[in-house]
Amino acid sequence: MTITVLLVDDHPVIRAGIRAMLYDAPELTIVGEAASGSAALTAARDLTPDVILMDLRLPDGDGVSATAAIRAELPGIRVVILTTYETDGDILRAVEAGAVGYLLKDTSPADLAQAVRAAARGETVLSPSIAAKLLDRVRQPRPETLSRREVEVLQLVAQGLTNADIGRTLFITEATVKTYVVRIFAKLDVSDRTAAVMAAMQAGILS
């Protein structure tokens, strides 16, 4: 059975490289290319490919937004992110948007072709390092929920404000701010302000 593929990447050279990587897989047919998220949605509507290989960084947004739009309108199309970025935030956003896979651009031609076949069957496809990151995140204990006031304090901490500055901004005493900060550290299981901000970002508490 022929599997139709749409390539989405804003770099023509990279699209040509991906096309060449899949050239020797006779059951895979590249039916189109797009260089932006909006063009990807238009091409998806016109071509209804089985699988879309989607870059993460696009000139009119990102691959996650394009994936969400395509999946909302054309849920039968499988989208696989193909990128050089492997941050936890990008991976989780892609999965939440409906991508069935997340691959890095150093994937071998054989592995890429196999991943496209698997994605067309509805299977989840992940580069080994991506799978390891997701497993590590699942294994990590979830932080306790921060109160609304604690989130407000942490947002100001993230902006680099001192305890005194935070107190003046929120109309509370500096001692009260210190109490909130201690509670935040305890709930996030961290020991300094930078680690608290990073942990909150990873947990989706701060954007």
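**Loop residues, overall form and an annotated aspartate**

F171 sits in the loop between α8 (163-170) and α9 (174-188). The model is predicted. In it, F171 has a positive phi of about 60°, although it is not a glycine. Most residues other than glycine have a negative phi. F171 counts as exposed, because its relative accessibility is 76% and the cut-off for exposed is over 50%.

A second residue with a positive phi is D189. Its phi is near 55°, and D189 is not a glycine. D189 is found in the loop between α9 and α10 (193-202). D189 also counts as exposed, at 71% relative accessibility.

The protein chain as a whole holds 10 helices and 8 strands. Its radius of gyration is 21 Å, well over the 17 Å that the globule rule gives for 207 residues, so the chain is more spread out than a compact globule. The C-alpha trace spans about 70 × 30 × 30 Å along its principal axes.

Buried residues account for 41% of the 207 residues. Contacts between residues at least 6 apart in sequence were also examined. Of these, 62% join residues at least 24 apart. The accessible surface of the chain comes to about 10900 Å². Carbon and sulfur atoms contribute 55% of that surface. The chain carries 21 positive and 26 negative side chains. The centres of the two sets lie 6 Å apart.

One annotated span covers residues 4-120. An unreviewed UniProt entry gives it as "domain: Response regulatory". The span is 46% helix and 26% strand. Its end C-alpha atoms lie 9 Å apart.

The UniProt record, again an unreviewed entry, lists D55 under "modified residue: 4-aspartylphosphate". D55 is placed in the loop between β3 (51-54) and β4 (57-58). D55 counts as buried because its relative accessibility is 4%, and buried means under 20%. Beyond residues up to four places away in sequence, D55 touches V8, D9, D10, G63, L82, T83 and K105. Two of these contacts, D9 and D10, are aspartates like D55 itself.

D55 is buried. F171 is exposed, and D189 is exposed.

Note on methods:
Residues are numbered from 1 along each chain as its sequence is written. This is a predicted model: local features need pLDDT of at least 70, side-chain atom pairs count only at pLDDT 80 or more; totals for chains, interfaces and linings use all residues. Side-chain values use heavy atoms; hydrogens and water are left out. Helices (H or I, at least four residues) and strands (E, at least two) are DSSP runs, numbered from the N terminus. The radius of gyration is taken over C-alpha atoms; the globule rule is 2.2 Å times the number of residues to the power 0.38. Buried means under 20% relative accessible area, exposed over 50%, partly exposed in between (1.4 Å probe, protein chains only). Contact means heavy atoms within 4.5 Å. Accessible areas come from the Shrake-Rupley method with a 1.4 Å probe; for residues, only the protein chains shown count as cover. Lys and Arg count as positive and Asp and Glu as negative; His and the chain ends are not counted. The place of a charge is taken as NZ of Lys, CZ of Arg, CG of Asp or CD of Glu. UniProt positions are given in the numbering used here, feature names are shortened, and annotations may be inferred rather than shown by experiment.
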